[in-house]
Amino acid sequence: MVDNKSPIMERIAEANKAATTGIDATDIKNWIEIYIMGKAYKVPADLTILTAMEYAGYKFVRGVGCRQGFCGACATVFRKKGDYKLQTGMACQTRAEDGMYLVQIPFTPAEKADYDITKEPYEASVFIKYYPEVTRCVSCNTCTKACPQDLEVMDYVQDAIRGDFNALADISFDCIQCGLCAMRCPAEIVQYHVAQLGRRMFGRYGQGVPDHLRKRVKEINEGKFNQEMARITTCAIDELRKIYTEREKEPE
Amino acid sequence: MTTTKPETTKTTATGNSKIPYYPGCTLKTTAKNFENSALAAARALGIELLEIPRWNCCGTVFSLADDDLIHHVASVRNFIRVQEMNDYGLVKNENRLVTLCAMCFNTLKSTNLRMKNNAEDLSKINDLMYREEDYQGKVEVIHFLEVLKALGFEKIHDRVKKPLKDLKVAPYYGCMILRPQEVGIDDPEDPTIQRDLLESLGADAVDTPYKRVCCGSYQTVKDKDIVAELAYDILTHAQKEGAEALATVCPLCAFNLDHRQKEVKAKHPDFTEIPVFYVTQLMAIAFGLDGECYGFDQNYVDPRPLLRKKSLIEQQQES
């Protein structure tokens with residue numbers, strides 16, 4: 001049991017207090033100056049870019065989502081003080097730093113091709129058909145440098161060109177579709193949409209149906225669960241509650 | 001099906017057993033028959049072509065502009081991968097990069113020459129690719145035909161199990177392995193390397209002045225007619241000299257001379273179709289290798305009737 005009065009807990013409580021908008025500025029000990037779209041703001045230190053902008057008064061309706069680094073909605077572009085490199089990240093996962101120039105990218109304009117994977121051949125030509133610009137890749141690797149997930153984006157674009165669906169699916173698996181690769185690409189490729197097409201094709205044609213799934217579908221079609229389904233869809237609410245609370249659970 | 005003779009497994013051009021191999025995109029898609037037959041034939045000769053990890057497109061066409069460095073990045077990145085193969089011990093002191101595709105060969109070698117002769121260009125590209133180790137300028141781009149020549153056509157002849165007897169083949173070179181001269185692997189006016197190879201396989205090599213005439217290259221995308229006319233000249237001149245088939249090492253030439261025969265036939269009804277082989281397919285046949293690596297399904301003009309006529313494949317051979 002942690003003692004709520006311990007110095008460390010007090011410090012955490014204090015930090016959290018500072019991160020909440022509307023508190024007295026005198027409560028905050030450490031301040032930084034950031035430039036949001038060129039305008040200087042004083043914000044508490046140790047905030048993420050997202051919360052720092054909210055502290056400065058921005059309210060996000062679009063371009064924000066899970067706040068946990070998974071949804072890919074809060075793409076951000078920034079330069080650090082004294083550094084020429086243009087950097088990218090997720091605003092909810094990147095700490096605001098003193099002297100930072102930053103802006104949010106609320107949306108990546110990109111055409112998403114309309115296709116039916118059941119009607120496409122499992123070949124590299126599918127990428128050329130829907131995203132012909134993939135062949136404009138000059139292997140500059142800018143997309144990889146931009147990726148907040150540290151994926152080898154250029155490598156999977158190359159896999160698309162040569163029709164290696166398996167490698168593409170492996171490398172792009174952790175893509176969160178933030179679109180920063182596409183925003184930085186000098187060849188104007190929409191890498192994340194290309195990868196999604198590739199993963200869909202691989203899922204349908206490359207991976208095959210696992211045995212246990214095939215077996216279970218067969219059992220369902222043969223009526224294995226029909227009786228049980230009939231029972232729970234027709235029983236009284238009290239009985240349904242009992243069935244639910246006493247159900248067989250998967251092991252933790 | 002035959003197995004490799006043990007005495008040939010250790011010999012390659014310089015005594016090394018593994019050479020970094022650059023496939024290129026076409027060999028993984030529309031020219032799988034080229035790659036499969038070449039890798040099988042190489043293995044039969046004791047040459048192990050080790051695919052370069054994380055290779056990328058070569059850039060397809062060598063950019064001739066002075067100020068267009070970005071289009072050389074792709075080639076240089078592949079050279080760095082060869083350096084890494086040495087770093088990681090996949091190969092030992094092996095700076096050669098072997099290609100099969102003539103287009104990739106030309107692009108990679110041209111860029112390599114530019115980097116070797118222009119330190120400023122190299123430094124700019126190294127700087128752009130700051131996440132990679134620097135390219136040291138030591139890679140040597142070679143074509144598979146050069147590996148075979150260095151091995152010796154006599155040794156290739158020794159490996160032949162099924163000589164291509166009475167098969168009259170016109171070697172076709174195209175441009176990419178001949179020009180410009182500093183990139184080419186043979187006499188640009190009168191190349192002989194494929195003739196020597198074909199003769200070592202027991203075939204009758206048919207000479208034609210059109211062996212080094214351009215097939216029309218990427219005009220095939222924009223204007224099929226240009227290519228159809230060029231293909232008609234190249235193919236019919238070979239036929240006049242008695243050729244029953246052509247052989248090439250370039251997937252683009254193969255496409256233009258083989259697949260465009262549909263357009264040739266439409267324009268010239270008197271034209272008779274003629275098979276176009278990758279020279280490595282003929283090696284695989286002559287070495288008596290498993291038919292799976294021939295990949296004739298990707299050839300437009302089916303070469304199997306001709307091969308059956310010459311008793312070079314079984315009557316029922318399907319692949």
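Domain bounds here come from an automatic or database domain assignment. On that basis, chain A of this predicted model holds domain 1 (16-21 + 29-104) and domain 2 (108-238), whose C-alpha centres lie 31 Å apart.

**Domains of chain A**
- Domain 1 of chain A and domain 2 of chain A each bring 7 residues to their contact.
- On the side of domain 1 that touches domain 2, strand E4 (residues 87-90) of chain A gives the most, with 3 residues.
- That side of domain 1 comprises 4 nonpolar residues, 3 polar residues and no charged ones.

**Contact between the chains**
- Chain B places 14 residues in contact with 11 residues of chain A.
- The side of chain B that touches chain A is made up of 6 nonpolar, 4 polar and 4 charged residues.

**Nonpolar core**
- The largest nonpolar core has 158 residues, and those touching the most other members are A:Val157, A:Val194, B:Val169, B:Leu246, B:Leu257 and B:Leu282.
- Helix H9 (residues 224-240) of chain B supplies the largest share of this core, 7 residues.
- Beyond its neighbours within four places in sequence, B:Leu257 contacts several residues of chain B, among them B:Tyr172, B:Cys215, B:Ile234, B:Leu246 and B:Val276.

**Helix H3 of chain B**
- Helix H3 (residues 102-117) of chain B has 16 residues and reaches 22 Å from its first C-alpha to its last, close to the 22 Å expected at 1.5 Å a residue.
- Because 12 of its 16 residues are buried, H3(B) is largely enclosed by the rest of the structure.
- The buried residues of H3(B) include B:Ala102, B:Phe105, B:Leu108, B:Lys109 and B:Met115.
- Packing against these buried residues involves strands E1 (18-22), E3 (96-99) and E4 (140-143) of chain B, together with helices H2 (73-87), H4 (119-128) and H10 (251-259) of chain B.

**Backbone features**
- A cis peptide bond, with omega near -10 degrees, joins B:Arg179 to B:Pro180.
- B:Pro180 is located in the loop between strand E5 (168-171) and helix H7 (193-200) of chain B.
- A:Gln177, a residue other than glycine, has a positive phi near 60 degrees.
- A:Gln177 lies in the loop between helix H6 (165-172) and helix H7 (180-184) of chain A, and is partly exposed, with 16 other C-beta atoms within 10 Å.
- B:Asn93 is not a glycine, yet its phi is positive, at about 45 degrees.
- B:Asn93 sits in the loop between H2 and E3 of chain B and is exposed, with 7 other C-beta atoms within 10 Å.

Methods: Residues numbered from 1 in each chain as written. Chains lettered and ligands numbered in written order. Predicted model: local features only at pLDDT ≥ 70, side-chain atom pairs only at ≥ 80, totals over all residues. Helix = DSSP H or I, 4+ residues; strand = E, 2+ residues; numbered from the N terminus. Expected span 1.5 Å × (residues − 1). Buried ≥ 20, exposed ≤ 12 C-beta atoms within 10 Å, placed from the backbone. Contact = placed C-beta atoms within 7 Å. Nonpolar A, V, L, I, M, F, W, Y, C, P; charged D, E, K, R; others polar. Core = buried A, V, L, I, M, F, W, Y, C linked by C-beta atoms within 7 Å.
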